[in-house]
Amino acid sequence: MISNRMASAATLVQPSGEMWKKIRVELNEDVNTRDRDLAAIKDWLRKQPHLPDEWDDGRIMTFLRGCSFSLEKCKRKLDMYFTMRAACPEFFSNRNVNRPELAELVTKVQGAPLPGLTPNGRRVTICRGLDKNIDADQLNNIFKLALMMGDVRLKEELEGVGGDIYILDASVVSPSHLAKLSPSSIKKFLICVQEAYPVKLKEVHVVNTSPVIESLINFIKPFLKDKIKNRIFIHSDVNTLKNHVPVDMLPEDFGGNGCSLDEVNSAWMKKLEDYTQWFKDQESIKANEALRPGNPTNYDELFGIDGSFRQLSID
């Protein structure tokens, strides 16, 4: 049995009341027209020979919210989402947290979203390594776990949130890690996060930094959109996080009053385990490039070595 405390640690508390109303404005969501927008996207999906004919209303609504109800942007994101699912089997196949390589990894890294919301309706995720000896070769599996949690959130963010805040604890990252990092894996993951998922990234806070982390950030910056580059904050003192995230939300590990990160991550691993069959069933839900109108996506161009990628053409 999962304890009530553990269950609540993995529960994505949804906005309500005044916060819910404020988020509708921020997401450009009109409750009177959103069903019409949903129907338009479903109709468009059915007409794309290379994309799934049917997808559930809840996840499409999450995409619409993440795209501020711009139908064209939503189409681009959905096309890229299904394209990346086909293009990156290293992220989107064998998604079972009981597989040895993933079961071992969850004892070395943490990166689950916290259960609550900030006063302006933002979801907070804290990522950190627990083991200085973690192998950089595990990077693809770290990204796989992150995107598994992202897919669960597509289903479970029933009301939409006002954006995301990420806190990155860099205390175990060393120069030897940096030397082994795969630029192509990082690039693929950042394309997923920026172009294929409906994430509204509001702030990234880096704590326990060092010169090697500043080198890593400079390495990654060319792959980031300008507006995201401007939302990265470096903290020399973890206590300054309280200026951005309520102390009652921050885990006790970070000087807050919330439940520990160990609890949050244990609860999320149980949640991912519960989703094992769902992940397996979803594995075939991806773009079929042989059926794409015009030319199929050229993956070498998509992940171009210059760090740029061509926008997919859509109707």
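Visitor: Which residue in β4 does Leu168 stand opposite?

Guide: Happy to start there, and do keep in mind that this is a predicted model. Strand β3 covers residues 164–169, and it pairs with β4 in the parallel sense over 6 bridges. Within β4, the residue opposite Leu168 is Val206.

Visitor: And in β5, which residue is the bridge partner of His205?

Guide: β4 also pairs with strand β5 (residues 232–234), again in the parallel sense, over 3 bridges. In β5, the bridge partner of His205 is Phe233.

Visitor: How many of the residues of strand β4 are buried?

Guide: Strand β4 runs over residues 201–207 and pairs with β3. The strand is mostly covered, and the count of buried residues is 6 of 7.

Visitor: Is Glu157 buried or exposed?

Guide: Glu157 sits in the loop between α8 (139–156) and β3. Leaving out residues up to four places away in sequence, Glu157 touches Leu12, Gln14, Thr62, Arg65 and Arg123. Its relative accessibility is 5%, and buried means under 20%, so Glu157 counts as buried.

Visitor: How many residues apart in sequence are the parts that the Asp57 and Lys42 pair ties together?

Guide: Asp57 forms a salt bridge with Lys42. Asp57 belongs to helix α4 (residues 57–66) and Lys42 to helix α3 (residues 34–47), so the pair ties together parts whose separation in sequence is 15 residues.

Visitor: How many charged residues does the lining of the second largest pocket have?

Guide: That pocket has a volume of about 240 Å³. Of its 13 lining residues, the closest to the centre are Lys73, Val199, Lys200, Leu201 and Lys227. α5 (71–87), α10 (183–196), β4 and α12 (226–229) each supply at least two residues of the lining. By class, the lining has 4 nonpolar and 2 polar residues, and the number of charged ones is 7.

Visitor: One last stop, then. How far apart in space are Pro246 and Pro119, C-alpha to C-alpha?

Guide: Pro246 lies in the loop between β5 and α13 (261–274), and at 25% relative accessibility it counts as partly exposed. Not counting residues up to four places away in sequence, Pro246 touches Thr118 and Pro119. Pro246 and Pro119 are 127 residues apart in sequence, while their C-alpha to C-alpha distance is 8.0 Å.

Note on methods
Residues are numbered from 1 along each chain as its sequence is written. This is a predicted model: local features need pLDDT of at least 70, side-chain atom pairs count only at pLDDT 80 or more; totals for chains, interfaces and linings use all residues. Side-chain values use heavy atoms; hydrogens and water are left out. A salt bridge is a side-chain nitrogen of Lys or Arg within 4 Å of a carboxyl oxygen of Asp or Glu. Helices (H or I, at least four residues) and strands (E, at least two) are DSSP runs, numbered from the N terminus. Buried means under 20% relative accessible area, exposed over 50%, partly exposed in between (1.4 Å probe, protein chains only). Two strands pair if DSSP finds at least two bridges between them. Contact means heavy atoms within 4.5 Å. On a 1 Å grid over the protein atoms alone, a cavity is a set of points where a 1.4 Å probe fits but cannot get out, and a pocket is an open set with protein on both sides within 12 Å along at least five of seven lines; lining residues have an atom within 4 Å of a point. Grid points are joined across faces, edges and corners, and a volume is the space filled by probe spheres set on the points. Ala, Val, Leu, Ile, Met, Phe, Trp, Tyr, Cys and Pro count as nonpolar, Asp, Glu, Lys and Arg as charged, and the others, Gly among them, as polar.
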